[in-house]
Amino acid sequence: MSPRILLSFLVVLALIPAGLADPHSFGNPGQISIRHLELDLSVDFDRSILEGSATLTLVRRAPTDSLVLDSKGLVIKRISQVGEKTGRLGFSVSAPSSNLGSSLTIDLPQDANKIRIEYQTTPDASALQWLGPEQTEGKKGPFLFTQSQAIHARSWIPCIDSPAVRMTYDATIRVDPKLVAVMSAETVGANREQGVFRFRMRQPIPSYLIALSVGVIDFRDISPRVRVYAEPEVVEKAAYEFADTEKMMKAAEELYGPYRWERYDMIVLPPSFPFGGMENPRLTFLTPTVLSGDRTLVDLVAHELAHSWSGNLVTNASWGDLWINEGFTVYLERRIMEKVFGADAAKMNCILGLQALEGSVKDFGGTHPFTKLAQNLYGHDPDDAFSDVPYEKGALLLHRLEGLFGRERLDQFLRSYFDDNAFRAVTTPLVESAIQNGLIRGHEDKLGGFSLKQWLYGTGLPEDVPRVETDGFTVVDRELEKYRKGTPAVELAVDGWITQQWLHFLRNLPKRLSVDQMTELDKAFSFTGTGNSEIFFDWAQLSLRNHYKPAFSSIKAFLLSMGRMKFVGPLFGTMVADKKLYPMAREIYELARPGYHPIGRAAMDKLLEWE
Ligand code: BES
Ligand code: ZN
């Protein structure tokens with residue numbers, strides 16, 4: 001064993017019992033953990049439940065006579081030891097706590113290394129959204145999809161639901177024969193006549209990356225290792241939009257080393273999917289709101305693809321360290337964008353990101369603990385702490401390190417960071433020492449006023465945040481200036497502007513606009529009627545803030561048409577903050593709520609104080 005490997009082994013040993021305790025899991029992986037999971041589940045759309053079993057292969061690290069798992073709303077029918085010796089095992093389920101669910105404690109004989117849990121889910125499982133045919137594009141069949149991040153896997157799989165615990169998995173999924181099942185795994189068998197699909201994930205992954213979709217699903221191949229799945233009505237549009245994905249993969253591999261998951265497929269889900277994308281390994285889940293028709297929103301694909309290194313390969317050990325997943329990923333995403341689409345494309349996203357971050361920091365208040373990179377989420381639901389901070393402040397830190405030490409050195413550092421920690425979980429202190437040892441040591445002369453501690457553990461935005469400029473926005477600034485000085489909207493030179501330029505334009509218009517001014521802008525640029533979700537969202541915010549009523553019915557239609565939280569949350573937020581708009585918020589929410597995913601619904605219920 002090399003001294004370096006020995007050292008990291010010892011560090012891990014020391015951390016497991018102490019520092020790695022995950023505040024969002026009941027499990028005790030330092031004592032006993034899960035190495036492999038076998039799922040056998042029937043998908044019952046009539047009752048909105050999954051029913052079957054989870055078989056866990058255990059690894060023991062210290063003597064114990066019980067195994068503690070996470071579960072949330074699961075109906076546990078029977079637990080047995082399987083393997084050489086068999087027999088039923090006793091268990092108890094604790095009273096549920098609101099977000100964490102219940103601990104499931106199983107009595108464990110000394111020789112038990114494999115156990116089977118027979119169970120079913122409940123219709124309100126927080127990871128699952130059950131859609132009727134009418135909520136799909138084609139209306140030909142029902143649809144189910146999961147969203148396990150951050151702590152929702154436990155609502156459909158009994159497991160140690162912590163990002164620090166990795167396992168391989170096999171799954172058998174049984175569905176109605178007219179439906180197709182896909183998972184974040186390799187498909188190793190599909191019997192469509194009988195509706196039986198078999199999957200295998202050979203790389204060890206944390207529970208939050210286990211994912212399943214079932215529905216009327218078709219596909220198109222983009223390259224030998226890239227495929228896009230979607231409903232038949234959407235699949236052509238999706239294949240067009242994501243045609244550059246193979247190029248992105250090559251760019252990412254050139255930068256950060258081989259892609260370790262063989263295939264990179266994507267599925268475009270029905271519009272109620274609560275996120276833009278989710279990096280489920282081998283099968284990214286995507287919102288259809290990214291299908292703008294002009295490929296200008298594919299930074300989302302670059303982002304989810306980048307998670308194949310930052311997040312899925314090297315994983316945050318608990319959710320307070322989300323920046324380790326998301327900050328690294330945003331930085332990688334922009335490097336991929338730069339390589340495939342040019343520096344301007346990447347810089348525009350950088351600037352928009354920094355502006356969003358400044359907005360979040362202002363809203364939180366500059367000394368709020370949620371403005372730190374390393375967060376203590378003990379007692380908090382990770383979904384409540386979610387913001388731009390881990391994403392954009394995290395990316396800015398890497399950007400800053402690039403500025404200090406140069407691209408070449410940072411890229412080299414990142415490659416060895418991914419290699420050294422592949423298929424492992426890391427904490428902020430661990431990343432801190434990696435940066436210290438791999439980047440800073442011997443180059444202290446370059447540090448200037450930079451403080452790594454301040455960036456990692458301090459609140460607000462450090463004074464040395466890197467700021468970039470780009471011609472793409474200089475052009476827009478010129479037109480904004482003309483507009484402010486009285487040039488009519490129709491006379492502005494906007495030919496060829498891409499989505500990001502329009503966003504910059506909309507975000508930098510005067511805060512207060514009269515209804516006449518809004519009408520003039522709308523006439524000139526047809527914002528209310530745009531099919532581009534990002535542009536519409538910004539226009540909707542402007543319309544609400546300026547009480548521009550001609551846009552209201554489209555805003556309502558937008559909120560009823562999709563459940564992406566990045567759009568839904570702020571739009572309801574704006575309405576709730578304005579006494580005049582509050583009744584409209586409630587009226588729309590009452591109609592929209594049944595269509596939202598449980599995760600989105602929980603967040604909006606809080607915002608609107610929905611009973
Ligand atoms: N992993 C996240 C989504 C997520 C984060 C789900 C935390 C649950 C808890 C995904 O990679 C993501 O960041 N999505 C963004 C994409 C964007 C930043 C390009 C989104 O959904 O908007
Ligand atoms: Zn992400």
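## Surface and overall form

The protein chain has an accessible surface of about 24,700 Å², and carbon and sulfur atoms account for 52% of that area. The model is a predicted one. Along the principal axes, the C-alpha atoms of the protein chain occupy a box of roughly 85 × 65 × 50 Å.

The protein chain contains 19 helices and 22 strands. Its radius of gyration is 24 Å, close to the 25 Å that the globule rule gives for 611 residues, so the chain is as compact as a globular protein of that length.

## Burial and contacts

Of the 611 residues in the protein chain, 57% count as buried. When contacts between residues at least 6 apart in sequence are taken, 72% of them join residues at least 24 apart.

## Surroundings of ligand 1

Ligand 1 is surrounded by 15 residues, and the closest are Gln-149, Gly-276, Glu-279, Glu-304 and Tyr-391. By class, this shell has five nonpolar, six polar and four charged residues.

A polar side-chain atom of Glu-304 is 2.7 Å from an oxygen atom of ligand 1, and an N or O atom in the side chain of His-307 is 2.9 Å from an oxygen atom of ligand 1. Gly-277 contributes through its backbone, with an N or O atom 3.3 Å from a nitrogen atom of ligand 1. Taken alone, ligand 1 exposes 520 Å², and the protein buries 89% of that.

Strand 19 (277–278) and helix 4 (299–306) are the elements that give two or more residues to the shell around ligand 1. Helix 4 supplies the largest share, three residues.

Notes. Residues numbered from 1 in each chain as written. Chains lettered and ligands numbered in written order. Predicted model: local features only at pLDDT ≥ 70, side-chain atom pairs only at ≥ 80, totals over all residues. Heavy atoms only, no water. Near = heavy atom within 4 Å. Polar contact = N/O pair within 3.5 Å; in protein donor to acceptor, adjacent residues only side chain to side chain. Areas by Shrake-Rupley, 256 points an atom, 1.4 Å probe, with all protein chains shown as cover. Helix = DSSP H or I, 4+ residues; strand = E, 2+ residues; numbered from the N terminus. Nonpolar A, V, L, I, M, F, W, Y, C, P; charged D, E, K, R; others polar. Rg over C-alpha atoms; globule rule 2.2 N^0.38 Å. Buried < 20%, exposed > 50% of the residue type's maximum accessible area, 1.4 Å probe, protein only. Contact = heavy atoms within 4.5 Å.
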